[in-house]
Amino acid sequence: MALFAVAAAMLLPTADARAFFVFGDSLVDNGNNNYLLTTARADSPPYGIDYPPTHRPTGRFSNGYNIPDLISQALGAESTLPYLSPQLNGENLLIGANFASAGVGILNDTGVQFVNIIKIGQQIDFFREYQQRVAALIGEEATQSLVNDALVLITLGGNDFVNNYFFTSFSSRRAQYNLQDFSVLLITEYRKILTTLYELGARRVLVTGTGPLGCVPSQLASQSRNGQCAPEPQKAAAIFNPLLVQMVTELNREIGSNVFIAANANSKQNDFIDYPQNFGFITAKVACCGQGPYNGMGICNPTSNLCADRSQYVFWDPFHPTEKANRLIVETLISGSEKYMFPMNLSTIMELDSRI
């Protein structure tokens with residue numbers, strides 16, 4: 001973990017009191033779904049088994065810290081609280097907020113099977129409400145500065161494929177669109193979401209692409225032949241991610257500033273999958289927690305198989321990375337080359353902003 005420590009140290013002097021806002025799905029949900037009547041939740045053991053100090057479930061879809069936690073640590077800040085948490089009030093509001101909700105996607109019809117989740121439109125409405133609450137504390141001008149100076153993370157897209165387009169063999173979206181056209185639809189709608197965030201004051205936004213959708217244990221268990229990544233979800237990621245970079249580039253050009261930063265999560269996770277031993281993993285196919293082939297069937301629960309050493313696994317459950325994999329992803333967000341971060345990484349952002 002030395003690389004992460006070095007990268008984090010580079011950020012601390014330039015990141016004092018910077019708020020952090022998080023939007024998206026289960027990869028970045030810090031526990032909002034704990035407050036909802038939904039099946040998309042991570043509030044039972046063994047989730048949180050490595051989360052200090054309690055080693056209990058927090059609503060994060062991880063054995064420990066997730067990506068927002070680790071970014072907050074790099075900023076020298078406390079983790080942002082879920083927006084629905086009763087503890088998010090007073091000075092805690094000034095740290096920022098996590099609006100993410102497991103199961104959501106870019107499209108409104110993504111995640112309907114989870115019944116009650118915070119769709120991305122509602123997350124943005126909560127962001128508006130958040131600003132009103134903060135303005136009542138510190139005034140409108142200071143609130144605008146807090147939001148303008150904040151770092152924003154948004155993670156969407158994976159569920160639109162896994163829990164919508166590919167959810168059944170004959171989904172309505174498959175009947176409407178081929179994979180290329182569906183990806184274009186997603187990018188068109190994602191652009192509207194990012195534009196709204198900009199209109200609401202966001203000026204530094206990390207936008208992550210999808211991971212290697214066909215290589216997660218759930219897909220290996222249900223669609224794989226001989227342990228190979230499922231081809232159609234892999235094709236989806238290969239189409240979607242370049243379109244996302246293109247859209248972000250065009251949006252920045254229109255604005256006249258590098259507001260949006262595209263993070264290529266697919267390339268980084270493919271590194272783990274192709275060469276797991278290079279990163280200290282013993283497997284990138286089998287989930288630590290689960291059941292069935294590759295521990296990829298169903299969900300992680302108290303009766304699931306559970307690995308003894310989570311640091312040896314890329315995947316914690318059938319869908320989500322372990323804390324160790326999350327740490328490596330955040331290292332890339334901080335210091336990754338243009339292969340992974342376009343047009344710049346987080347350490348460059350912090351350095352530039354420190355000069356303003």
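Leaving aside its neighbours within four places in sequence, which residues is Ile 118 in contact with? Before selecting them, note that this is a predicted model, in which local features need pLDDT of at least 70 and side-chain atom pairs count only at pLDDT 80 or more, while totals for chains, interfaces and linings use all residues. Residues are numbered from 1 along each chain as its sequence is written, and side-chain values use heavy atoms, with hydrogens and water left out.

**Stop one: Ile 118.** Select Ile 118 together with Asn 32, Leu 36, Leu 84, Phe 99, Ser 101, Val 104, Gln 123 and Phe 126, which are its contacts beyond four places in sequence, contact meaning heavy atoms within 4.5 Å. Ile 118 sits in the loop between β2 and α3 (120-138), where helices (H or I, at least four residues) and strands (E, at least two) are DSSP runs numbered from the N terminus. Ile 118 counts as buried because its relative accessibility is 4%; buried means under 20% relative accessible area, exposed over 50%, and partly exposed in between, with a 1.4 Å probe and protein chains only.

**Stop two: the sheet.** Now colour the strands, and follow an open sheet of 6 strands in the order β2-β1-β3-β4-β5-β8, with mixed pairing. The strands β2 (96-98) and β8 (341-342) stand at the edges with a single partner strand each, so one side of each has no neighbour in the sheet. Two strands pair if DSSP finds at least two bridges between them.

Select β3 (residues 151-155), where 5 of its 5 residues are buried. Leu 151, Leu 153 and Thr 155 point one way from the strand, and Val 152 and Ile 154 point the other way. On one pairing, β1 (residues 20-24) runs parallel to β3 through 5 bridges, with Phe 20 partnered by Leu 151. On another, 4 bridges join β3 to β4 in parallel, and Leu 153 stands opposite Leu 206 in β4. Continue to β4 (residues 205-208), which is joined to β5 by 4 bridges, again in parallel, and where Val 205 has Phe 260 as its bridge partner.

**Stop four: helix α10.** Select residues 265-274, where 9 of the 10 residues of α10 are buried, including Lys 268, Asp 271 and Phe 272. The buried residues of this helix pack against α9, β5 and α11 (323-335).

**Last stop: the lining of the largest cavity.** Select Gly 209, Asn 241, Leu 244, Val 245, Ala 262, Ala 263 and Asn 264, which line the largest cavity. Of the lining, α9 (231-255) and β5 (260-263) each supply at least two residues, and the largest share, 3 residues, comes from α9.

Definitions and conventions: On a 1 Å grid over the protein atoms alone, a cavity is a set of points where a 1.4 Å probe fits but cannot get out, and a pocket is an open set with protein on both sides within 12 Å along at least five of seven lines; lining residues have an atom within 4 Å of a point.
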